[in-house]
Amino acid sequence: MDDKTLKPEEIIEELEEKDDEEREIEEIKALEEAAEAEDAILEDDVEIEEDDDPNVKEYPMIPLRGLSVFPNMVLHFDIGREKSINALEKAMIMGQHIFLSSQIDENLDLPTRGDFYEIGVVGKIKQMLKLPGDAIRVLVEGVSRGVIEDVMFEVPYFRCKVRRIEDPEFPDDAEAEALMRTVLTSFDEYVNVNKNIAPEVFATVVSIDNPGRMADMIASHLDIKIEEKQTLIEELNPKKRLEKINAILVKEIEILNIEQEISTKVKTQMSQNQRDYYLREQMRAIQEELGGAEELEDEIAGFKEQLAKLELEDKTREKIEKEISRFSKMQPSSAEATVSRNYIETILSLPWNVASEGNIDLIKAEDILNEDHYGLEKVKERVLEYLAVIQLSEALKGPILCLVGPPGVGKTSIVRSIARSIGREYVRMSLGGVRDEAEIRGHRRTYIGAIPGRIISAIKDSGVNNPVFLFDEVDKLGADYKGDPSSALLEVLDPEQNKDFTDHYLEVPFDLSKVMFITTANSTSTIPRPLLDRMEVIEVSGYTEEDKVQIAQKYLCPKQIKENGLSKSNVTFTEAGIRNIINYYTRESGVRNLEREIGNICRKVARGVVTGSTKKVSVGPKKVGEYLGKKKVRFDIIKGETEVGVTTGMAWTIVGGDTLFIETALLPGTGKLQLTGQMGDVMQESARTGISYIRSAAKKLGIDENFYKEYDIHIHIPEGAVPKDGPSAGVTMCTAIVSALTGTPCRKDVSMTGEITLTGKVLPVGGIREKVLAAHRAGVRKVLLPYDNEIDIQEIPEAVREEIEFVLLKHVKDVFPHVLVKADK
């Protein structure tokens, strides 16, 4: 090396180059070691090694950048590094516990052992949310302190052996009480001078009587450096931790007081400059006013002319006149004048006296409903009755209709047809996910950017005061700190109150009594009871297979052929092909997915027509398989011999009915009951009820009275990934247990449903129509129903009723002759 004198900046540059070269060599070595370790881990993932000490466990570990976590602290943070994401995913598998420690240098992207503190916090993952760009937002709650005893490996994520550290007991004496009071006094003063901390935080801290927990709670809210927070995390003695926090609080309070003094001085110096600025702005406004006075007068005259044409109540007219007069005295370019102008324009553009002239014609309405919808006879009948009452009474004071049914059955389109049939404007407002009361009632004008609620805005856009107004998905309403929208809807949907509906923005009553309100929902279970009481529920049940075939042939196929630029000369759908799509490529109560699959086939045919490979296609079962691929869904077909302990039940789902098999096995044991197949609490109670009944009637049933002492009973319902619940499987499970205990086979071609009591009585259940249709589809020809469900048999299509033998049950013993196959003597 040549001897020469280097300048300071040249020396620094040379040292930086060396550091970069050394860092690159270290990173290459680390990557090579990481690759070898990753291969070994991917081949056989390391299992958690239990230590003799219960406080020592292995956890996935995430180094935190610019962040510290304390025990009992709940916070969220974003992660994007691959190692951290791998650790998070592993933690979700290992009980959702993870070890969190702060990085010593937060600017380091690839930390290794020694780049993070040894003492951190064991946390529990509460929630994960994927963000754009492969990042993940995590909600974590600190559980306890922990110290790293060993780093097991670093790739593909950090896994550490951690010893959990609990706070030692704190002496309950006068000195401890005095220390806690001193810290609370200092924290109270800190909260008062630090505007970034909510006053509620102090109330939370005061309620904590554990010194260690109090110290951690206060530390988590301090605006201090990571290094200072780490000293508090590493302080394991609660008393010393409180003393350190008190010292930090005293120091921070002094700094904040100095900052406030400096801020006050700056504001005083700025006040004179602001005064000069305001005066200059006023002079500019006066000059603009002198030039634009004539334009303002024309605008005010236009407002008064519009107001004179409206037929309004005296109070409403007086309110608007007062607002126009107030606007006339404002500076046209001021922000306040803009708010006032928007309010006047909004209130004058409402359809106070404008209504649709359409008349209710029942014959026309019936034709339109039949034209737009196949089936749904009861729904159409109820809608026509509703329209007839409106025509006779010439008023709308009556219950609000609520159409309830699964997705895709035509609830929204029925409302659109009603509007078309009576010649009124159609307005739709989706309530799914609405959580803010202001969406319904609007914002008060005191807020910047205030606007009317969506109801008033929709009526304004419709241009009439009597539209057909659809509240879609009323069961999806939410509520949060901004208010409860369902409570705001109570006034809107109450015929006795909505005549004087007052939007917060308008501040004057608007008559909604002429509006025909209709709501839709998938279920009534989530609709608040007061709101449900104001509505008349009309059930829109799912379509049968025959209904879907007819709908596809008459509506869906022609519609999709036209939308995809085809004609009947290019493609036709056979009935067998449509049934194949319904049964093996869709599973729904409505026809939304059916239409989607038909459209999918039409697009493939359109491509063939354009390329010349296809001229005309008749879509049958074989072509359906070619176009749509392998079958996506299946349904049970009853087949095979009779089996002991296996019965056929029926279930209701949101997409229709289904059949299920109840399997029961007896195992040598001590009377334990094992239930598998994701059974809910109600279904598990039904199983226990059935066993209790069997024990009480064991002698009559020819069962050993001590069976519960000698056998364990295992009940399983296949398709374990699907949650199941409800009481309707009580009869089915009881029969399966009796079959297993007596060794008597069960007929598979007989299905049943019903709730069972401790005395063996069979109680009615719901969803009979959907359940029977599913059983018929599966090949069942004898169905056992509760006696009180006899009236529901009329709901079943006649073609299905004719092919099924129905047996009504009053007691569970009525089941056995039809299901249990006795051996010939």
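Asp-134 sits in the loop between β4 and β5 (strands here are DSSP runs of E, at least two residues, and helices are runs of H or I, at least four residues, numbered from the N terminus). This residue has a positive phi of about 65°, although it is not a glycine. Pro-156 belongs to the loop between β5 (136-153) and β6 (158-165). Why point these out? Because most residues other than glycine have a negative phi, and most peptide bonds are trans.

A quick word on what you're looking at: this is a predicted model, where local features need pLDDT of at least 70 and side-chain atom pairs count only at pLDDT 80 or more, while totals for chains, interfaces and linings use all residues. Residues are numbered from 1 along each chain as its sequence is written, and side-chain values use heavy atoms, with hydrogens and water left out.

## The largest pocket

About 1,000 Å³ of space lies in the largest pocket. Of the 36 residues lining this pocket, Ser-541, Gly-542, Arg-769, Glu-770 and Glu-795 are the closest to its centre. Two or more lining residues come from each of α11, α17 (545-563), β17 (646-653) and α25 (768-777). Sorted by class, the lining has 12 nonpolar, 15 polar and 9 charged residues. For that sorting, Ala, Val, Leu, Ile, Met, Phe, Trp, Tyr, Cys and Pro count as nonpolar, Asp, Glu, Lys and Arg as charged, and the others, Gly among them, as polar.

How were these spaces found? On a 1 Å grid over the protein atoms alone, a pocket is an open set of points with protein on both sides within 12 Å along at least five of seven lines, a cavity is a set of points where a 1.4 Å probe fits but cannot get out, and lining residues have an atom within 4 Å of a point. Grid points are joined across faces, edges and corners, and a volume is the space filled by probe spheres set on the points.

## Two cavities

Searching the whole structure turns up 2 cavities of 30 Å³ or more. The largest cavity holds about 40 Å³. Its lining is made of Leu-64, Ser-68, Val-69, Leu-100, Ser-101, Ser-102, Ile-119, Gly-120, Val-121, Gln-230 and Ile-233. At least two of the lining residues come from each of β3 (97-102), β4 (119-130) and α6 (226-234). By class, that gives 6 nonpolar, 5 polar and no charged residues.

The second largest cavity has about 30 Å³, and Leu-369, His-373, Val-379, Lys-380, Val-383 and Ile-414 line it. Helix α11 (residues 377-393) provides the largest share of this lining, 3 residues. Here the classes come to 4 nonpolar, 1 polar and 1 charged.

## How α17 meets α19

The axes of α17 and helix α19 (residues 592-611) come within 10 Å and cross at roughly 45°. That makes α17 oblique to α19. Axes are lines fitted to C-alpha atoms, for helices over the stretch in contact, and angles run from 0 to 180 degrees between N-to-C directions. Angles under 35 degrees count as roughly parallel, over 145 as roughly antiparallel, 65 to 115 as roughly perpendicular and the rest as oblique.

On the α17 side, the contact (heavy atoms within 4.5 Å) includes Lys-548, Ala-552 and Leu-556, and on the α19 side Leu-594, Glu-595 and Ile-598 are among the residues. In all, this contact has 7 nonpolar, 2 polar and 3 charged residues.

## Where α20 packs

Helix α18 (residues 575-585) and helix α20 (residues 621-628) have axes that come within 8 Å and cross at roughly 45°, which makes α18 oblique to α20. Ala-576, Gly-577, Asn-580, Ile-581 and Tyr-585 of α18 touch Pro-621, Val-624, Gly-625 and Leu-628 of α20. That contact has 6 nonpolar, 3 polar and no charged residues.

With α19, the axis of α20 comes within 10 Å and the crossing is roughly 80°, so α19 and α20 are roughly perpendicular to each other. Glu-597, Asn-600, Ile-601, Lys-604 and Val-605 in α19 meet Val-624, Tyr-627 and Leu-628 in α20. The classes in this contact are 5 nonpolar, 1 polar and 2 charged.
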